[in-house]
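Have a look at the structure, then we'll take the labels one by one.

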Amino acid sequence: MNDNQKPKSFSALSEQLSEIFDHMDYIDSSFNRIEAYAGKKYQEIEKKINPDQNCDISKELQYHMANFLSNLAKNYETKKHNSN
């Protein structure tokens, strides 16, 4: 069944959903690029700090990275709720 055979409300809804999915694809690709960039920078930092690839240092760096990302997410949520 094509849009010409659907009532106008369904056609409008179909268009809105299509726009949402287009935005989701853009957002998903943006996050993928951010994730790739962050991974690359993390590896560069780890090579500078931990050139011998010491396991304990790697674990410490991972801990701090996880803590940083957690704080970043909390700050984002706080700003999101404050702007509403």
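Q: What makes K41 count as partly exposed?

A: First, a heads-up that this is a predicted model. K41 has a relative accessibility of 33%, and partly exposed covers what falls between under 20% (buried) and over 50% (exposed). So K41 gets the label partly exposed.

Q: How do you know that K41 and E44 meet in a salt bridge?

A: The N to O distance between their side chains is 3.3 Å, and the cut-off for a Lys or Arg nitrogen and an Asp or Glu carboxyl oxygen is within 4 Å. That puts the pair inside the rule, and the count for the model comes to one salt bridge. As background, side chains of opposite charge can pair when their charged atoms come close.

Q: What is the spacing of K41 and E44 in helix 1?

A: They're three residues apart in helix 1, which means about one helical turn separates them. E44 comes in at 34% relative accessibility, so E44 is partly exposed too.

Q: Why is S58 called buried?

A: Its relative accessibility is 13%, and buried means under 20%. So S58 counts as buried. You'll find S58 in helix 2, which runs over residues 55-83. Leaving aside neighbours within four places in sequence, S58 is in contact with Y42, E46 and N50. For the whole chain, buried residues make up 8% of the 84 residues.

Q: How do you know that I49 is in contact with I57 and L61?

A: Contact takes heavy atoms within 4.5 Å, and I57 and L61 pass that test with I49 once its neighbours within four places in sequence are set aside. The C-alpha atoms of I49 and L61 are separated by 9.1 Å, though the two residues sit 12 apart along the chain. I49 itself lies in helix 1. With 48% relative accessibility, I49 is called partly exposed, because exposed would need over 50%.

Q: What makes Q53 stand out in its phi, and why is Q53 called exposed?

A: Q53 has a positive phi of about 55° and isn't a glycine. Most residues other than glycine have a negative phi. Q53 is in the loop between helix 1 and helix 2.

Q: Which residues make the nonpolar surface patch?

A: F10, L13, L17, I20, F21 and M24 make it, and the patch covers about 580 Å². One of them, F21, is placed in helix 1.

Key:
Residues are numbered from 1 along each chain as its sequence is written. This is a predicted model: local features need pLDDT of at least 70, side-chain atom pairs count only at pLDDT 80 or more; totals for chains, interfaces and linings use all residues. Side-chain values use heavy atoms; hydrogens and water are left out. Buried means under 20% relative accessible area, exposed over 50%, partly exposed in between (1.4 Å probe, protein chains only). Helices (H or I, at least four residues) and strands (E, at least two) are DSSP runs, numbered from the N terminus. Patches are made of residues with over 30% relative accessible area and no salt bridge: like charges are joined within 9 Å, nonpolar side chains (Val, Leu, Ile, Met, Phe, Trp, Tyr) within 5 Å. Accessible areas come from the Shrake-Rupley method with a 1.4 Å probe; for residues, only the protein chains shown count as cover.
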